[in-house]
Amino acid sequence: MDCRYHSAPDWDGSGSQPPPVTMLRSLRCLCRLQPTIGHVRTMSQYPPTFREPTLPPEQTDEAREQLTFSPIKAAPSDLTSSAFDHPAVKKFTNIIMKGGDKNLAQILMAKTFERIKRTQIQRLHATRDAASEGTPDQDEEPVCDPLQVFLKALENSKPRLQLVPIIRGGITYQGRVVRLKQELHRQCEANRAYAHYTYG
Amino acid sequence: MLPRCRLTRLCWLGLRPMSAAAAPEPAPSVFRTSVSDPREHSRSDLGRLYTVDREDHRRLFQVTGLRKSLSAQARTFCELALMVRQPALNVLDSLRASDPSRPSLRFLLYGPYGGGKSTTVAHVLHWAAASGWLLVHFPEADRWGLRFREVTASASDPQAVDHPVDAALWLAHFRAQNAARLAELDLRTGETYTWSRREATEAGSPLTDLVELGVTRGKHASQCVLALLAELKAHASAGRCRLLMAVEKVNAFWCDSTARREDGSTVKFGDMTVIRAAEQLLRPDWSGGAVLTTIAPVRGGPEGSHLPRHQLGADGWRALEPFVPIRVDDMSRAETYTMIDYFLERRWLQAPAAATERGKQELFFRSGGNPGKLAEICSMY
């Protein structure tokens, strides 16, 4: 087995780094001993000669030259060349999907975006009409791009983190702790005396 | 340019080199026309949008009359802008050239779903209102039998049914569209209408009395519509007014409705008082006006083709013939780009990609130039 296939070839100019030499050497030893587990990616249905599929904007002449006679892996079903594609939206669509009904999930996402945009743009035009004289102040404009609103909402919904020093075995690590959660617990501790009011 | 041998190879593989696939640059679109008076629209305004005067917009489409998507768009954009397209200009040219003493011209707009038939009707309505015509506008005729609020047995005819609420609302729509013009024309009723033992509309009273009675007394609203349209037909034929009868989804008139009588029998559209009122204006026995109809697949009607013979069926075809068929098709590439530019100007397209040539190409490709589809796709970005 030829071990040079273990590193992904940098044919598409993406700049992916080959594995360090030491790692290659150890892999080569591994191959000599056990040729059956030579592949880095086990359980792949494709031999290592297969290329990753690419999208039209990335297909330079050189890339196509290389692709013309090489076998290519089947494209994932959600791979798209759309100019409007966004990975976060795609991921979120998959998360809200139930029972594999992706069509419904996409419709729900589209309607949500439309609603956000409709509200904001109506507000924008209404304020413009109200102050029709002079250009409106750029700072006071509502954010109309539903994608930006969505990304901001996603950001807001993430838990807040902070670093706290934790000593383990004489070494101080910087551990990540969810701050809000900690504060909540501290409050709960402080108000434990009133716990019996909860169901009263 | 690629070397010759590689070109041959790519072609053999069914691939096209990128340089050859690049589409020709469409001309930069000046998407608005300053002519906001529909009477002055001409070929030079083709493919551009004009803004409907705010007062006209409120008057013509205050109660109902626009498709839900278009009225939502108008509300969001704080203006109603319609594209001047060939089908509307064809209708307007024919209307301008028509002789009021001859039987009324009848147009039938047909075409794919979302192609702009209702928008064309809105444009023609605006022209007719600006030209001093009276408007009899039935938006979404299928509503009367499929999405009605209430039906009751008619007092005058045991077979017929009335729409107490919908007919009153329709009369309110009629009043909003025509109040100013009716006051100018001062049309009077030619007959005496007796509604009950105490209520009657004497011959010679203004037509607005009929409208007011219907709006306030839902019980008689359907009969009021019947009387009003008969009166208008007589006035138009006598040359006292010009009348535009516009019916959207006219093919519903020859379908079964979901309404039931008390004995459980199905009500046909033709058994409804309001539809009977409308049908008398679809007949070719009057002059001084025009009839503008559209067809579109309705629930319970034939599925598949949107072509007139299929959608109207034998009865509908016989009732409407002869008519001028006008196809309202998807937009051209230039028209689609104009629409995209308009959306960009109204900030409706927010994604930065939409302003690029590649984004516009994609929107045109995905919508196929269909205005409804384009609006649907653009609503997310």
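What share of the 200 residues of chain A count as buried? In this predicted model, the share is 20%. Chain A exposes about 15200 Å². Carbon and sulfur atoms supply 55% of that area.

Chain A contains six helices and two strands. Read from the N terminus, the order of its elements is α-α-α-α-α-β-β-α. Contacts were also examined by separation in sequence. Among those in chain A that link residues at least 6 apart, 35% join residues at least 24 apart.

The surface of chain A carries a nonpolar patch of about 350 Å². Ile95(A), Ile96(A), Leu104(A) and Leu108(A) make up this patch. Two helices of chain A, α3 (87-96) and α4 (102-130), each contribute at least two of its residues. Ile96(A) lies in helix α3. Its relative accessible area is 32%.

Chain B has a mean pLDDT of 88. A pLDDT of 70 or more is reached by 92% of its residues. Residues 1-26 of chain B, however, have a pLDDT below 50. Beyond near neighbours in sequence, this stretch has 27 contacts in the model.

One helix of chain B is bent. Helix α8 of chain B spans residues 164-185. The bend falls at Asn178(B) and amounts to about 65°. Asp186(B) follows α8(B). The phi of Asp186(B) is positive, near 55°.

Note on methods
Residues are numbered from 1 along each chain as its sequence is written. Chains are lettered from A and ligands numbered from 1 in the order in which they are written. This is a predicted model: local features need pLDDT of at least 70, side-chain atom pairs count only at pLDDT 80 or more; totals for chains, interfaces and linings use all residues. Side-chain values use heavy atoms; hydrogens and water are left out. pLDDT is the predictor's confidence in each residue, from 0 to 100. Contact means heavy atoms within 4.5 Å. The bend at a residue is the angle between axes fitted to the seven residues ending there and the seven starting there. Helices (H or I, at least four residues) and strands (E, at least two) are DSSP runs, numbered from the N terminus. Patches are made of residues with over 30% relative accessible area and no salt bridge: like charges are joined within 9 Å, nonpolar side chains (Val, Leu, Ile, Met, Phe, Trp, Tyr) within 5 Å. Accessible areas come from the Shrake-Rupley method with a 1.4 Å probe; for residues, only the protein chains shown count as cover. A salt bridge is a side-chain nitrogen of Lys or Arg within 4 Å of a carboxyl oxygen of Asp or Glu. Buried means under 20% relative accessible area, exposed over 50%, partly exposed in between (1.4 Å probe, protein chains only).
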